[in-house]
Amino acid sequence: MDSPIGESVPKTSVAAPSVLTAAPRPRETSGLRAFGRRFMRARLAWVGLLIIVAFALMAIFAPSLAPYDPNKQSLTQLLQPPNAQHWLGTDELGRDILSRILYGARVSLSVGIISVGIALVIGVVLGLISGYFGGWTDTLIGRGTDALLAFPALVLALAITSALGPSLTNAMLAIGVVGIPIYVRLTRGQVLALKEREFVEGARVAGASSPRIIFRHILPNVTSPIIVQASLGVAFAVLAEAGLSFLGLGVQPPTASWGSMINTGKNYLEMDPWVAIVPGIAIFLTVLGFNFLGDGIRDALDPHLKL
């Protein structure tokens with residue numbers, strides 16, 4: 001006959017996985033419904049989402065929407081004010097500003113999404129490892145994070161692009177590296193609060209490996225703040241790319257970029273202000289849209305906030 005001790009161990013090890021696998025389904029469904037209801041009530045979030053969707057459609061369909069070649073110069077139409085032929089006017093080389101705004105949206109959104117993707121993947125993985133294992137691993141990752149945080153974000157991005165050379169790819173890498181420490185610290189803090197919880201202990205008792213515990217049980221529970229940070233991080237990435245291009249370290253001519261358009265337009269602010277104002281408005285609206293969306297997602301994911 002089995003001893004009482006032999007009976008109690010399998011009961012504990014079998015019960016834990018059943019709770020872990022069966023319970024999340026209704027909780028996940030109700031959580032998604034609650035998130036949807038909260039997000040529907042966040043009016044500014046919808047405004048931000050509409051702005052982002054509008055610029056995304058502009059970027060995707062730029063070849064079809066642009067009335068002219070964004071790089072085509074016309075010496076007979078230099079610095080034309082907005083008119084029926086050129087709705088947003090022309091620049092100092094006679095290029096259509098509306099066409100360059102549409103193609104510039106491609107650059108800004110691609111830099112924002114790709115650079116945030118780089119920072120998110122690397123930062124979250126390092127944060128999970130640092131928070132879960134602790135010890136010398138946590139110390140090593142923590143000191144590296146502190147070293148990156150010791151520099152202002154834009155200054156560090158400038159240093160990286162200066163060392164690698166001015167280009168769109170290097171700008172993405174620089175902005176991505178600058179954003180890594182934020183995700184490392186955010187993820188590490190969440191992991192430290194979760195790794196001693198009952199469901200994690202139950203997974204350990206059930207014999208789950210460390211990678212399975214990290215990516216199957218801990219990671220899904222830390223995604224909410226990461227999603228919020230990522231949506232806000234895209235806004236910073238758009239601004240950073242515009243700053244790098246403004247200084248000549250980002251997208252190189254003749255490729256259309258909002259930052260480089262402001263750089264050339266600043267020389268014509270008194271007589272032809274639309275050359276710099278139009279790309280400035282595009283940057284403002286894009287950043288505003290991502291900030292509104294990030295705030296709305298944060299409010300919708302926080303159960304303690306009532307919209």
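## The nonpolar core

A nonpolar core is a set of buried Ala, Val, Leu, Ile, Met, Phe, Trp, Tyr and Cys residues joined through side-chain atoms within 4.5 Å, where buried means under 20% relative accessible area and exposed over 50%, with partly exposed in between (1.4 Å probe, protein chains only). This is a predicted model, in which local features need pLDDT of at least 70 and side-chain atom pairs count only at pLDDT 80 or more, while totals for chains, interfaces and linings use all residues. Residues are numbered from 1 along each chain as its sequence is written, and side-chain values use heavy atoms, with hydrogens and water left out.

The largest nonpolar core has 56 residues, and those with the most contacts inside it are I97, I101, Y183, I218 and W258. Among the helices (DSSP runs of H or I, at least four residues, numbered from the N terminus) that each supply at least two residues of this core are α5 (97-133), α8 (168-194) and α13 (274-301); α5 gives the most, with 11 residues. Apart from this core lies another, of five residues, including A157, I160, A174 and V178.

## Around I101

Leaving aside neighbours within four places in sequence, I101 is in contact (heavy atoms within 4.5 Å) with M58, W258, M261, V278, P279 and A282.

## Helix α6

In α6, the residues T137, D138, I141, G142 and T145 are buried. Seen down the helix axis, the buried residues of α6 fall within an arc of 120° (taken from the directions from the axis to the C-beta atoms), so they line one face of the helix. What covers these buried residues includes α5 and α8, whereas the face turned away from the buried side carries the exposed residues W136 and L140.
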